[in-house]
Amino acid sequence: MHVLVADAHLVPHRAHLEAALPAGTTVSWHDPGDRSVFDHLPDAEVYVGSRFTADMAAVADRLRLIHVNGAGTDKIDFGHLRPDILVANTFHHEQSIAEYIAGTAVLLRRGLPAQDRALREGRWATPGYDRRIPQPRTLQGARVGYIGFGHIGRTSWKLLRAFGAEAVAVTGSGRVDAAAEGLRWAGASDRLTALMTESDVVVVCAPLTERTVGMIGADELRALGPAGVLINVGRGPLVVESALYEALSTGAIAAAALDVWYHYPDAAGEGRPSELPFQTLPNVLMTPHVSGVTADTFAGRAGDIAANIGRLQRDEPLHNVVHGQAGHQLS
């Protein structure tokens, strides 16, 4: 079996991945977007990478499995895949993202980025020297609102709960058991405004679908209020871009940590994340979609990918199948 890997995040875990593959497997490694991928695709039975185009599908004569090195499959051109090609994904990012959520919640609720910038200029921006600055609050007793409550929400709630916070959640199905999860309440998306109104920190970790695009707009941000903090680790377009910029620039909300964006870079990693100048706002923590990017995340994913390739060779059902034969879908 030949496996073609075109994913830069797996390069540090190359030895681990190759050691876990079935005996007799050959592996070729390529930079994402490199034209050499097309030279090896005709012989590949497995493709590992986040992007698979119609042009790639046209030459992948022997392909049996596309394994995405992550959760998102939005860069896979499903419309041009043969029906017998399986597509699977993998996770392992929940602990890394949970730590990002906890860290940014503390940073922004305490106003630490602003204090850092001020002290670099020689100004001690504390209530002791500037009475206009309010004393910040800890997370103890704070209300955290989760928009989406899957494995990321649950894992981050375990961390924030240890701070003494409280939490509420809304999901598309509305079927979260609030008592079992230790939440004050949980409901469907029709309770979104109530969640925003009650929350001090809102964590956006819902999936992006036709129904959830723009679900958080000007009205919802106003409901969060001038002391509220927004943390988006889901997808940028869940929050209306112009409304978010307006809310941050006018003080309608206190601050935001944005790890997901409205525009993504070119192959060289260059490009503005938004047409609006978020970089000029002092109350925004901007990160380049890295909340889940840790060695722990990708070591776990490498193991999952190798295990699925083993199942494929043994003709066993694969885990985390998102496209392909119904009999192969286990989770």
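This is a predicted model: local features need pLDDT of at least 70, side-chain atom pairs count only at pLDDT 80 or more; totals for chains, interfaces and linings use all residues.
Mentor: Residues are numbered from 1 along each chain as its sequence is written, and side-chain values use heavy atoms, with hydrogens and water left out.

Trainee: What makes residues 2–5 strand 1?

Mentor: Strands are DSSP runs of E, at least two residues, and helices are runs of H or I, at least four, both numbered from the N terminus. Residues 2–5 form strand 1.

Trainee: Why are both faces of strand 1 called covered?

Mentor: Buried means under 20% relative accessible area; exposed is over 50%, and partly exposed lies in between (1.4 Å probe, protein chains only). His-2 and Leu-4 on one side are buried, and so are Val-3 and Val-5 on the other. In a regular strand the side chains alternate between the two faces of the sheet.

Trainee: How do you know that strand 1 pairs with strand 2?

Mentor: Two strands pair if DSSP finds at least two bridges between them. Strand 1 and strand 2 (residues 26–29) have four, in the parallel sense. Val-5 stands opposite Trp-29 there. The chain gets from strand 1 to strand 2 through helix 1 (residues 14–20), in a right-handed β-α-β crossover.

Trainee: Why is this crossover called right-handed?

Mentor: Point the strands away from the viewer; a crossover is right-handed if the path from the first strand over the helix to the second runs clockwise. The crossover through helix 1 is right-handed.

Trainee: What makes strand 3 a partner of strand 1?

Mentor: Three parallel bridges link strand 1 to strand 3 (residues 46–48). In strand 3, Val-48 is the bridge partner of Val-5.

Trainee: Which strands are the edges of the six-strand sheet?

Mentor: That open sheet has the order 2-1-3-4-5-13, with mixed pairing. Strand 2 and strand 13 (321–323) are the edges, because each pairs on one side only. Neighbouring strands are turned by 25° against each other on average, direction ignored. Axes are lines fitted to C-alpha atoms, for helices over the stretch in contact, and angles run from 0 to 180 degrees between N-to-C directions.

Trainee: Which strands does helix 11 touch?

Mentor: Helix 11 (residues 295–313) touches strand 1, strand 3, strand 4 and strand 5. Contact means heavy atoms within 4.5 Å. The direction of helix 11 makes about 170° with that of strand 4.

Trainee: What is the strand order in the seven-strand sheet?

Mentor: The open sheet of seven strands runs 8-7-6-9-10-11-12, with parallel pairing. Its edges are strand 8 (185–188) and strand 12 (284–286). The twist averages 15° from one strand to the next. Strand 11 (residues 255–258) and strand 12 share three bridges, and Ala-257 has Leu-285 as bridge partner.

Trainee: Where does the "NAD-binding" label come from?

Mentor: From an unreviewed UniProt entry, which gives "domain: D-isomer specific 2-hydroxyacid dehydrogenase NAD-binding" for residues 107–291. UniProt positions use the numbering used here, feature names are shortened, and annotations may be inferred rather than shown by experiment. Over residues 107–291 the chain is 29% helix and 16% strand.
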